[in-house]
Amino acid sequence: MSRWLPLLVLPSVLLAGSLQAASVPVPGAQGQNLTMHLTSLKEARFRNTIRQKYDFSCGSAAVATLLTYQYGYPVNEQAAFEQMYAHGDRAKISKEGFSLLDIKTYLQANGFEADGFEVPLEKLEQENLPAIVLIDERGYHHFVVIKGMRAGRVLVGDPALGTRSLPRSRFDALWKNHLVFVIHNRRSLAVFNSPSDWRAAPMAPISSGVDRRGLEGITMPKRGPGDI
C-alpha cells in the first residue's frame with residue numbers, strides 16, 4: 001500500500017553547533033611523539049549521515065544519505081535539493097518541505113524505483129533493506145534513514161542529529177504512520193547493519209562486563225584458626 005505524506009521540519013535549534021576535531025601529541029617510545037586524531041561525537045555521527053543545510057531540507061538530506069551510504073551512489077545534499085526543488089511544488093516545499101512524492105520522483109529520475117509500504121519494521125531486517133521513514137519528533141514531521149536493527153535498537157541516519165540508535169519502543173513512539181519508503185530495484189547494492197554505521201552509535205558491552213555467575217567464584221573462602 002503506497003501513500004505520500006507532507007513534510008514539516010525540525011526547528012533550526014537542533015542544527016546548532018559545529019563539528020569539532022583535533023590532533024594531539026602522544027608521548028611515544030624513545031622520546032618521540034605520535035600525533036593522534038581525535039574525533040568528536042558530533043563529527044562521528046555525521047560521518048555516514050549527510051547533514052541538512054536548511055530547516056526544510058531533511059528530505060533531500062535523507063535521500064542523499066540513503067543513496068551515498070546505503071547504495072554506494074554518491075550524491076550531495078545540494079544536488080538532490082536543487083533537482084527536487086526544480087521539479088516540485090516550490091511554494092509548498094518552501095512552506096512544508098519535501099514530500100515522499102518528491103523523493104520518489106527524484107529517485108526515479110536517477111534510476112532507482114521506490115515506493116512506500118505499510119509493513120512491520122522486521123520486514124526491513126528480514127530483507128536487509130534500508131529505508132526512509134517519517135517520524136514525529138515533538139510535533140514536527142522529519143525524515144530519517146533506517147540504517148540497521150540490532151539487539152532491540154534501531155539505527156537511524158538523522159539529517160538533524162546524525163547517526164543515532166534508538167530503543168525500539170522509543171522509535172515506535174516516533175514512527176506513527178508505520179510507512180517505510182524503500183528502493184526495490186538494485187537490491188544487490190543495499191547496505192544494512194553496516195559495522196561502519198554502527199560505530200557512530202556503539203552499544204555498551206554490558207553482557208561482557210558483568211559476570212552473571214554470582215560471587216561464589218570470586219570470593220575468598222572463610223578460614224578458621226589453624227587453617228593454612
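Q: At what angle do helix H3 (residues 77-86) and helix H5 (residues 100-109) pack?
A: This is a predicted model, so the value is computed from its atoms. The axes of H3 and H5 are 10 Å apart. The angle at which H3 and H5 pack is about 110°.

Q: Are H3 and H5 roughly parallel or roughly perpendicular to each other?
A: The two helices pack at about 110°. Angles from 65 to 115 degrees count as roughly perpendicular. Therefore H3 and H5 are roughly perpendicular.

Q: Which residues in H5 does H3 meet?
A: On the H3 side, the contact is made by Ala-80, Gln-83 and Met-84. By class, the contact of H3 with H5 has five nonpolar, one polar and one charged residues. The partners in H5 are Asp-102, Ile-103, Tyr-106 and Ala-109.

Q: Which strands are the edge strands of the open sheet of six strands?
A: The sheet has the order S3-S8-S4-S5-S6-S7, with antiparallel pairing. An edge strand pairs on one side only. The edge strands are S3 (114-118) and S7 (162-167).

Q: Which residue in S7 stands opposite Val-156?
A: Strand S6 (residues 153-158) pairs with S7 in the antiparallel sense, over six bridges. Opposite Val-156 in this sheet stands a residue of S7, namely Arg-164.

Q: At what angle does H5 run to S8?
A: H5 lies across S3, S4, S5 and S8. Its direction relative to S8 is given by an angle of about 10°.

Key: Residues numbered from 1 in each chain as written. Predicted model: local features only at pLDDT ≥ 70, side-chain atom pairs only at ≥ 80, totals over all residues. Heavy atoms only, no water. Axes fitted to C-alpha atoms, helices over the stretch in contact; angles between N-to-C directions. Helix = DSSP H or I, 4+ residues; strand = E, 2+ residues; numbered from the N terminus. Parallel < 35°, antiparallel > 145°, perpendicular 65-115°, else oblique. Contact = heavy atoms within 4.5 Å. Nonpolar A, V, L, I, M, F, W, Y, C, P; charged D, E, K, R; others polar. Pairing = 2+ DSSP bridges.
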